[in-house]
Amino acid sequence: MFQPTQLPSEERNSTIPIINIDYQSLLYRYRKNWYWFLLALLIAGGTTWTQLRYSIPMYRTSGTFIIEDPAAGDGVSARQFTQQFGFNEENSLEDELYIITSRSLMTEVVEKLGLNLKITHLGKIRDTEFFRPEDFAVVPLDTIDLEPAEIKYGGVELLSTPLGRHYLVRGQDTTAYISGDKFTLGNRAFAFITRASYRRPLEESSSLYISHHDPESVAGGMLGRLSVNRRGKSNTVQASYVDVVPERAAEVINQLIRIYNEKIIRERTLTGKQTIAFIDERLGFVSRELFAVEASLSSFRQREGVIVEQSVQGASYLEQLSAADAELSELEVRKSLIEEIRNQLQETADTYTPVSVSSEIIDGSLAARLNRYNELIFERDQRLEVATLDNPIVATYDEQLRELRASLQRSLLTMYQETDARADRLSARVAPIERSLNAIPENERQILQIMRQQQIKQNLFIFLMEKREEAAITIAAQIPNTRIIDRARPSRFAISPRPTQSYVMAIGLGLLLPAIFFFLREILDGRIQREAELKNWTSRNTIARIAKSSEKEEIVVGKGKHSAAAEMFRLLRTNLSFLFPSEGTPVVLITSGISGEGKTFISSNLGHTLAQGNKRTVLVGADMRKPRLFNTARGNDNKATSSRIGLSNYLIGKVNYEKILQPTENANLFIIESGPIPPNPAELLLRSRVAELIERLKQDFDVIVIDSPPVGPVSDALQLSKFVDVTLYVVKLGYSPKISLEVIDEVAAPGKLPNVQVVVNGVDFDRGYNYGYKYGYGYYQ
């Protein structure tokens, strides 16, 4: 028995549809479209197999090392200076990482390993790169170094035949080539040399593409495959490089660390080398002066022809003067070095060039500040390798260097003045001793003066030689900035492609993409797909559900027919009996929201069902805009022909009642066709003949079923509302637009269509719906 479905008040008052996912319906959609999932899996699997088959494997090689304190071993820890000038040691390590990943350092690696000369075997499907091949080599023949701007680059294809012949292919030009001969790439000369292990192609020709590239361009491309990461807060660094040749990847990492160490040692020894150059220059002057003094002493003795003996007093004077002269010599060297540093600071104010620092001659905080000045210059140059002059960090370095340079100029001037004052005081102490020399004999006095100059030069020469050795020891004592933990070794396991991961992703995509597609179709479909969605659009009751018929028949009810659809129409007949008035002939109007929802199909089959229940029933085709009632209601009656006379003819008064009433093969069922399509169907339904027809039909029949036009686009059905007892609004699943369901409550309002009930058409019980009827319908099926 039909039980009306009641909705909560808040749902009945709500006009905003709620997206409610019916998972049973979704699973049915997935199951129904299983072949799309299979096709997606086959496509994804085939694409993955092809990619794995023809992709070039990539290998990652890593090396681990510790970056030591850059200033360790210099006598003063760099940590002291960084803290003193407001820097953080962690930032200093970050700067070192920037240096390691700089283009200039990688360019040195490219030039050292010759990576800008590439040799590639041209395969039919994929190419293979060589790195230090064992059976052949391409060697440069140029001995003249050109400026980078003067070098031109290029490539050539070397074709080798099974007969052992070689050809150079440049575009459309092909020339024979003999192994060992010279060929050019750009404006540089090379030679292809085969070794004893070289094997000729067996069946087909083999092609090698030899190309010479700009080292900086190659380095720029390699930096994208280099990663340098710090481990936690420690000074341990891991450098990784990805390449198609694992041996080349390991060489790049090891060479990068080696060149970085050499760069650090060069920077550390630069100051010491500048100090040695300064001392060597002074030693040259002192050596020449000492030679001149010794020659003067020898000439004096030869000229006098006697050996002048020193008196005790003269020896005492000479001993006193020697100590003072040694100190004066050191002060003069210090003054010269201070003056040299001041000049360098002045001349390199705009070029940021390191200055000479000799901690062996200049002691104390000034030497430390000069070292810091040079360190800032080195750090600035390192930053410029990965940044521009407009970088804020570079601007900070510039500001610090300007402030430190001004402070050094003031300190150097003060130190120069203090050194000069000490020299003056020492000269004043020596002056009385020099006056006392005038009291001794002439010959002895002259030889004492010559010997004094000799001692001065000897002491100065010994002093400079000692400082030079100290500086040389400092240079030789420099050690690399890194301590290697794990040296990079070639990896035998490719990181890309990964077959297992690729196939898992292929299976995931093969399942996910169709699932997403059908899920979106389920939730974004503008048509009503499930009966459960009706409650979001209307508060009207569902009086019946009509199953989707597997047979292509217009009339699914009849004697001996027990399909699900036939039983549903019988259930609809039973439910309608509870809604019919107790007296008189009930009038049932069947309408829908749009055309094509099956209202004529419902009308025809309902008429046949009522007629089979011994009810004299008449079907009235009130849809005079798109009439289909005759063809549908006649069903399988192939002998029936349309008279083309119907309701429109009657309403305009051209035919009488008996002419429009047509019998069917069922004695209890009669049909009134729509007739010819009139230009004004709505106006015809307003005529008085409509009421006359309904009254006459009530006298002759037990039930009147009116097939009216859709209420969405036209108002024809509303013109008949005063004659109707029950209105059936047809909704077809998978066809009716959701927006059209808004009309149901509108037409059910007071004063419009009476007693509106919903009939759900096109229900597919195989989709997994469970309305409580499936068992019964399955029985009849």
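Surface patches are built here from residues with over 30% relative accessible area and no salt bridge, joining like charges within 9 Å and nonpolar side chains (Val, Leu, Ile, Met, Phe, Trp, Tyr) within 5 Å. The structure is a predicted model, in which local features need pLDDT of at least 70 and side-chain atom pairs count only at pLDDT 80 or more, while totals for chains, interfaces and linings use all residues. Residues are numbered from 1 along each chain as its sequence is written, and side-chain values use heavy atoms, with hydrogens and water left out.

Arg 258 belongs to helix 8 (residues 246-304), where helices (H or I, at least four residues) and strands (E, at least two) are DSSP runs numbered from the N terminus. Its relative accessibility of 36% makes Arg 258 partly exposed, on a scale where buried means under 20% relative accessible area, exposed over 50% and partly exposed in between (1.4 Å probe, protein chains only). A nonpolar patch is formed by Trp 34, Tyr 35, Trp 36, Leu 38, Leu 39, Leu 42 and Ile 43, which together have about 760 Å² of accessible area (Shrake-Rupley method, 1.4 Å probe; for residues, only the protein chains shown count as cover). Within this group, Leu 38 sits in helix 3 (residues 34-54) and is partly exposed at 42%.

Turning to charge pairs, the model holds 15 salt bridges, each defined as a side-chain nitrogen of Lys or Arg within 4 Å of a carboxyl oxygen of Asp or Glu. One of them joins Arg 230 to Glu 94, with an N to O distance of 4.0 Å. This pair connects distant parts of the chain, 136 residues apart: strand 11 (residues 226-230) carries Arg 230, and helix 5 (residues 89-100) carries Glu 94. Arg 230 is buried at 19% relative accessible area, whereas Glu 94 is partly exposed at 31%.

Glu 247 is partly exposed (30%), while Arg 492 is exposed (58%). The loop between strand 13 (482-486) and strand 14 (494-496) also contains Ser 491, which counts as buried at 17%.

In a further bridge, Arg 696 and Glu 658 have closest N and O atoms 3.3 Å apart. Because Arg 696 is in helix 20 (residues 688-700) and Glu 658 in helix 18 (residues 657-660), the pair ties together parts 38 residues apart in sequence. Glu 129, Asp 243 and Arg 248 are linked in a salt-bridge network.

The peptide bond from Ser 496 to Pro 497 is cis, with omega near -5°. Asn 614, in the loop between helix 15 (599-612) and strand 17 (617-621), has a positive phi near 65° and is exposed at 64%. Asn 755 likewise has a positive phi, near 45°.
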